[in-house]
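I opened this notebook to record what I looked up in one structure. The entries follow the order in which I worked.

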Amino acid sequence: MKFAHFMATPTGRLLRAAVGLALIGRGYSLGNAVVMAVGAVPLLAGGFNVCLIAPLLHAPLLGRNAV
């Protein structure tokens, strides 16, 4: 539950968005659309405050429910 709570904080959301942007940038530099698509997942998850791993940890999917 601590992990889901951290991911719901502004720092966690920013971290997910930064990782997503890094993956998108890396995919763009390599010309690899798959890496860019994978990078879109954490970027959008951070933007919409959703933690896709949380249900596996028995925590709520939506960040607003984790706080």
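I began with burial: of the 67 residues of the protein chain, 28% count as buried, where buried means under 20% relative accessible area, exposed over 50%, and partly exposed in between, with a 1.4 Å probe and protein chains only. I note that this is a predicted model, in which local features need pLDDT of at least 70 and side-chain atom pairs count only at pLDDT 80 or more, while totals for chains, interfaces and linings use all residues. Residues are numbered from 1 along each chain as its sequence is written, and side-chain values use heavy atoms, with hydrogens and water left out.

I then took the overall form. I found four helices and zero strands in the protein chain, running α-α-α-α from the N terminus; helices (H or I, at least four residues) and strands (E, at least two) are DSSP runs, numbered from the N terminus. The C-alpha trace spans about 40 × 20 × 15 Å along its principal axes.

Next I checked contacts, defined as heavy atoms within 4.5 Å. Among those between residues at least 6 apart in sequence, 45% join residues at least 24 apart.

Beyond its neighbours within four places in sequence, I found A59 in contact with M1, A4 and A54.

Is N49 buried or exposed? I read a relative accessible area of 13%, so N49 is buried. N49 sits in the loop between helix 3 (33–48) and helix 4 (63–66). Residues up to four places away in sequence aside, N49 touches M7, A8, R13, R16, L61, L62, G63 and R64.

Last, I consulted UniProt, whose positions are given in the numbering used here, with feature names shortened and annotations that may be inferred rather than shown by experiment. An unreviewed entry places a "transmembrane region" at residues 39–62. I found that span 42% helix and 0% strand, with its end C-alpha atoms 20 Å apart. UniProt also lists "domain: Inner membrane protein YgaP-like transmembrane" (unreviewed entry) at residues 11–58. Residues 11–58 are 75% helix and 0% strand, and their end C-alpha atoms lie 21 Å apart.
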